[in-house]
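Please keep the structure in view while reading.

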Amino acid sequence: YRSGSLGIIVSMGIKVAVTVGVSMAIIVALILSMTNPTAVGPLGVLAFFACAYLFFVCLFFVLIVLVQRITARFAREKNQIQLTNTPSNNKSYYYSTVVALVPVIYVGMQSVGGAGLFEIILLSLFEVLACFYVYKRY
């Protein structure tokens with residue numbers, strides 16, 4: 001562990017997530033700039049969605065962990081509450097894998113015919129149920 005620019009401890013998990021996330025963002029940018037869906041075929045489209053999903057998992061993991069640590073730091077400084085039940089990095093990872101599905105599923109729905117209000121409501125309901133499952137299970 002070492003202290004980051006915000007004075008927050010940076011763990012190895014965040015370093016790995018940032019490294020993988022940046023590499024996936026580069027791969028997605030290369031796929032989008034160098035090809036089109038008809039030229040790469042189904043395997044290229046699958047690679048795009050897999051890289052996009054990994055990027056969003058890393059992004060949301062880093063955001064969740066940073067928000068947890070910042071709020072824990074402010075709560076300790078103000079002596080308001082003791083955060084003894086802060087979620088572990090595993091639980092943060094589980095939440096990030098569930099939340100990362102939203103943009104990927106939404107792009108998939110847009111690519112096959114559009115996402116109306118009903119589809120967005122169903123996607124939101126799915127996410128709420130998935131987050132509730134993670135909350136109860138872990």
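Not counting residues up to four places away in sequence, Val 62 touches Ile 14, Ala 17 and Val 18, where contact means heavy atoms within 4.5 Å. The model is a predicted one, in which local features need pLDDT of at least 70 and side-chain atom pairs count only at pLDDT 80 or more, while totals for chains, interfaces and linings use all residues. Residues are numbered from 1 along each chain as its sequence is written, and side-chain values use heavy atoms, with hydrogens and water left out.

**Val 62**
- Val 62 lies in helix α2, helices being DSSP runs of H or I with at least four residues, numbered from the N terminus.
- Because its relative accessibility is 13%, Val 62 counts as buried (under 20% relative accessible area, with exposed over 50% and partly exposed in between, for a 1.4 Å probe and protein chains only).
- Val 62 and Val 18 are 44 residues apart in sequence, and their C-alpha atoms are 7.4 Å apart in space.

**Nonpolar cores**
- The largest nonpolar core consists of 7 residues, namely Met 24, Val 28, Ile 31, Phe 48, Cys 51, Ala 52 and Val 104; such a core is a set of buried Ala, Val, Leu, Ile, Met, Phe, Trp, Tyr and Cys residues joined through side-chain atoms within 4.5 Å.
- To this core, α1 (12-34) and α2 (37-78) each supply at least two residues.
- A second, separate core has 6 residues, among them Ile 14, Ala 17, Cys 58 and Val 65.

**Helix pairs with α5**
- Helix α4 (residues 101-111) packs against helix α5 (residues 117-137) at an angle of about 155°, with their axes 11 Å apart (axes are lines fitted to C-alpha atoms, for helices over the stretch in contact, and angles run from 0 to 180 degrees between N-to-C directions).
- That angle is why α4 is roughly antiparallel to α5, a label for angles over 145 degrees, as against under 35 for roughly parallel, 65 to 115 for roughly perpendicular and the rest for oblique.
- In this pair, Leu 101, Val 102, Ile 105, Tyr 106 and Met 109 of α4 meet Glu 119, Ile 120, Leu 123, Phe 126 and Glu 127 of α5.
- The axes of helix α3 (residues 89-99) and α5 come within 10 Å and cross at roughly 165°, so α3 is roughly antiparallel to α5.
- Here Lys 91, Tyr 94, Tyr 95, Val 98 and Val 99 of α3 meet Glu 127, Ala 130, Cys 131, Val 134 and Tyr 135 of α5.
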